[in-house]
Amino acid sequence: MLVGIAVAGAIFGPAIFEAQAINETVAAAAAVADKVITRAREQSGTSATETSYQVDIKQLDAKEHDIWEKLQNKPDSAPLANIYARIRFLSFERNFAGQLSQAKEDTNFSGSVNNAERIAKDLKTQLTLIERQLPPELPATGKGDVTTAAALADLASVIVSLRRFGHDYRQVARSTADHPLPIPTTSQLDEAEKRRNEFNQLRKTNIQALSRDYRLFYAIVQDVENKDITLISRWRELLQQ
């Protein structure tokens with residue numbers, strides 16, 4: 001009997017230890033995520049300062065690197081993949097918000113928006129690779145944080161496109177010889193409307209995560225909705241007159 005127990009311990013002991021280590025990693029990272037989310041909620045989204053972004057990013061990056069190393073050794077671990085996606089997106093939304101904030105100045109617009117687009121694409125690529133390594137039989141509910149973060153990365157790319165349109169065609173008026181203005185072509189307006197529809201669908205599908213966890217990103221979503229998107233219908237009305 002003692003021999004059997006010893007054999008079982010030798011077989012199952014490492015697996016139990018590994019599971020405990022993963023649980024501890026997930027719990028520690030979740031505590032940091034909760035703290036960051038609470039701070040964003042208290043700061044009401046866009047009122048957060050660049051300094052507070054950097055404080056959060058420093059805390060998040062430490063956990064992100066730790067989880068990433070463990071995920072390389074256990075790429076099929078759904079708990080690690082989910083908490084990594086959660087921590088990764090919390091860090092991303094702060095970097096993304098920082099880039100869009102810098103883009104408010106015309107002199108910084110192109111470079112900052114290009115940076116925002118790049119980090120959104122990098123995030124989507126990374127999350128896609130992570131999801132592909134999860135067990136194929138894993139149900140959708142078992143990888144919820146990964147798929148949500150990937151969808152929001154898509155939304156970030158759509159936001160960049162809409163912000164570009166809003167910047168380039170921010171004054172809705174007919175161009176005149178005395179007051180020349182840039183006017184979107186029909187194809188540009190059609191493309192903007194396509195992006196708007198994608199924006200609305202992704203926002204609707206992920207509204208729970210946006211309003212509960214990713215408050216900084218949600219503030220950006222609302223800002224784009226109130227500013228850039230309204231320009232699309234206004235331009236359509238003007239050009240149809």
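Helices α4 and α5 run roughly antiparallel to each other, because the angle between them is about 160° and anything over 145 degrees counts as roughly antiparallel. Keep in mind as you look that this is a predicted model. Helix α4 covers residues 109–132, and its axis lies 9 Å from that of α5. The crossing of this pair is left-handed. On the α4 side, the residues that meet α5 include Phe109, Val113, Ala116, Ala120, Leu123 and Leu127. On the α5 side, the residues that meet α4 include Val146, Ala149, Ala153, Ala156 and Val160.

From α3, the residues involved include Ala81, Ala85, Arg86, Phe89, Phe92, Phe96 and Leu100. Their counterparts in α5 include Gly144, Val146, Leu152, Ala156, Ile159 and Arg163.

The next helix to find is α9, residues 228–240. Its axis and that of α5 come within 8 Å and cross at roughly 60°, so the two helices are oblique to each other. α5 passes α9 in a left-handed crossing. From α5, Leu162, Arg163, Phe165, Gly166 and His167 take part, and from α9 they meet Asp228, Ile229, Leu231, Ile232 and Trp235.

Isoleucine 232 lies in helix α9 and counts as buried, because its relative accessibility is 0%. What is isoleucine 232 in contact with, once its neighbours within four places in sequence are left aside? The answer is Leu162, Phe165, Leu189, Ala192, Glu193 and Arg196. Take Leu189 from that set: the C-alpha atoms of isoleucine 232 and leucine 189 are separated by 7.0 Å, though the two residues are 43 apart along the chain.

Zoom out for a moment. The protein has nine helices and zero strands, so reading along the sequence simply gives α-α-α-α-α-α-α-α-α. Of its 241 residues, 42% count as buried. If you take the contacts with a separation of 6 or more, residues 24 or more positions apart account for 78% of them. The largest nonpolar core has 68 residues, and those with the most contacts inside it are Phe92, Phe96, Leu155, Ile159, Phe199 and Phe217. Phenylalanine 92, leaving aside its neighbours within four places in sequence, is in contact with Ile119, Ala120, Leu123, Ala156 and Phe217.

That leaves the charges. Side chains of opposite charge can pair when their charged atoms come close. How many salt bridges does a search of the whole structure find? It finds 23. Arginine 86 is buried, with a relative accessible area of 13%, whereas aspartate 34 is partly exposed at 42%.

Aspartate 213 forms a salt bridge with arginine 86 as well, and here the closest N and O atoms are 3.0 Å apart. This pair also links distant parts of the chain: aspartate 213 is in the loop between α7 (207–212) and α8 (215–226), 127 residues from arginine 86. Aspartate 213 is buried, with a relative accessible area of 6%. Through shared partners, salt bridges join Asp34, Arg86, Arg212 and Asp213 into one network. Elsewhere, arginine 94 forms a salt bridge with glutamate 93, with the closest N and O atoms 2.7 Å apart, and both of these residues are buried.

Notes. Residues numbered from 1 in each chain as written. Predicted model: local features only at pLDDT ≥ 70, side-chain atom pairs only at ≥ 80, totals over all residues. Heavy atoms only, no water. Salt bridge = Lys/Arg side-chain N within 4 Å of Asp/Glu carboxyl O. Buried < 20%, exposed > 50% of the residue type's maximum accessible area, 1.4 Å probe, protein only. Helix = DSSP H or I, 4+ residues; strand = E, 2+ residues; numbered from the N terminus. Core = buried A, V, L, I, M, F, W, Y, C linked by side-chain atoms within 4.5 Å. Contact = heavy atoms within 4.5 Å. Axes fitted to C-alpha atoms, helices over the stretch in contact; angles between N-to-C directions. Parallel < 35°, antiparallel > 145°, perpendicular 65-115°, else oblique. Left-handed = near helix turned anticlockwise from the far one by under 90°.
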